[in-house]
Amino acid sequence: MTVASSQTNLPDGRVSKWKWSGLSATSGSTVGDWVGFSDFADKTVLTTGTFGVGGTLTWQGSINGNTSAAVVFSLHDPGGTALASTVAVAHTVLEAIEYIRPAVTAGSSTISIDAYLFGRKNPI
């Protein structure tokens with residue numbers, strides 16, 4: 001199942017926020033829709049909610065995410081650790097990538113995770 005994101009642009013026009021609400025494992029793994037993100041130099045992701053038994057949310061990237069044959073890989077923090085959350089946490093994203101999405105990769109039917117993506121464009 002794919003969960004749609006909602007986008008909010010902050011007043012200065014350089015910062016945007018996306019939110020995916022209620023990601024769960026009730027129908028197998030659930031993914032968020034792809035967000036085009038190539039304009040943003042700084043990226044932070046946040047997960048919050050009920051992780052239940054074994055709930056894991058990973059952040060994924062792709063250079064062709066809007067296609068049916070998307071090449072998908074795990075994103076990492078600046079220390080090289082894959083972004084896989086089992087508790088509420090915020091991370092900085094290392095990779096400069098065209099598309100980003102959250103994905104529930106494990107968990108019981110009791111999980112309900114909200115995922116946020118924050119991006120800041122460099123000043124011109």
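This is a predicted model: local features need pLDDT of at least 70, side-chain atom pairs count only at pLDDT 80 or more; totals for chains, interfaces and linings use all residues.

**Stop 1: the whole chain**

Zoom out and show the cartoon. You'll find 12 strands and zero helices in the protein chain. Read along the sequence, the pattern is β-β-β-β-β-β-β-β-β-β-β-β. The radius of gyration is 14 Å, close to the 14 Å that the globule rule gives for 124 residues, so the chain is as compact as a globular protein of that length. If you switch to the C-alpha trace, its span along the principal axes is about 45 × 30 × 30 Å.

Now try a surface view. The chain exposes about 6100 Å², and carbon and sulfur atoms supply 53% of that area. Of the 124 residues, 40% are buried. Among contacts with a separation of 6 or more, 73% are between residues 24 or more positions apart.

**Stop 2: aromatic rings**

Next, show the side chains of Phe, Tyr and Trp. How many aromatic pairs does the count come to? The count comes to six. Select Trp 34 and Tyr 99, one of these pairs: the ring centres are 6.5 Å apart and the planes sit at 70°, which is over the 60 degrees needed, so the pair is edge-to-face. Trp 34 is in the loop between strand 4 (30-32) and strand 5 (35-36), while Tyr 99 is in strand 11 (residues 99-106). That pair links distant parts of the chain, 65 residues apart. Trp 34 and Tyr 99 are both buried.

Now go back to Phe 37 and Phe 40. Their ring centres are 4.7 Å apart with planes at 20°, and under 30 degrees counts as stacked, so that's what this pair is.

**Stop 3: Ser 16**

Last one: select Ser 16, which you'll find in strand 3 (residues 15-23). Why does Ser 16 count as buried? Its relative accessible area is 4%, and the cut-off is under 20%, so Ser 16 is buried. Show its side chain together with that of Asn 9, and you can trace a polar contact of 2.6 Å between the two.

Leaving aside residues up to four places away in sequence, Ser 16 touches Gln 7, Thr 8, Asn 9, Phe 40, Leu 117, Phe 118 and Gly 119.

Note on methods. Residues are numbered from 1 along each chain as its sequence is written. Side-chain values use heavy atoms; hydrogens and water are left out. Helices (H or I, at least four residues) and strands (E, at least two) are DSSP runs, numbered from the N terminus. Buried means under 20% relative accessible area, exposed over 50%, partly exposed in between (1.4 Å probe, protein chains only). A polar contact is a pair of N or O atoms within 3.5 Å; within protein, one must be able to donate a hydrogen and the other to accept it, and residues adjacent in sequence count only if both atoms are side-chain atoms. Contact means heavy atoms within 4.5 Å. The radius of gyration is taken over C-alpha atoms; the globule rule is 2.2 Å times the number of residues to the power 0.38. Accessible areas come from the Shrake-Rupley method with a 1.4 Å probe; for residues, only the protein chains shown count as cover.
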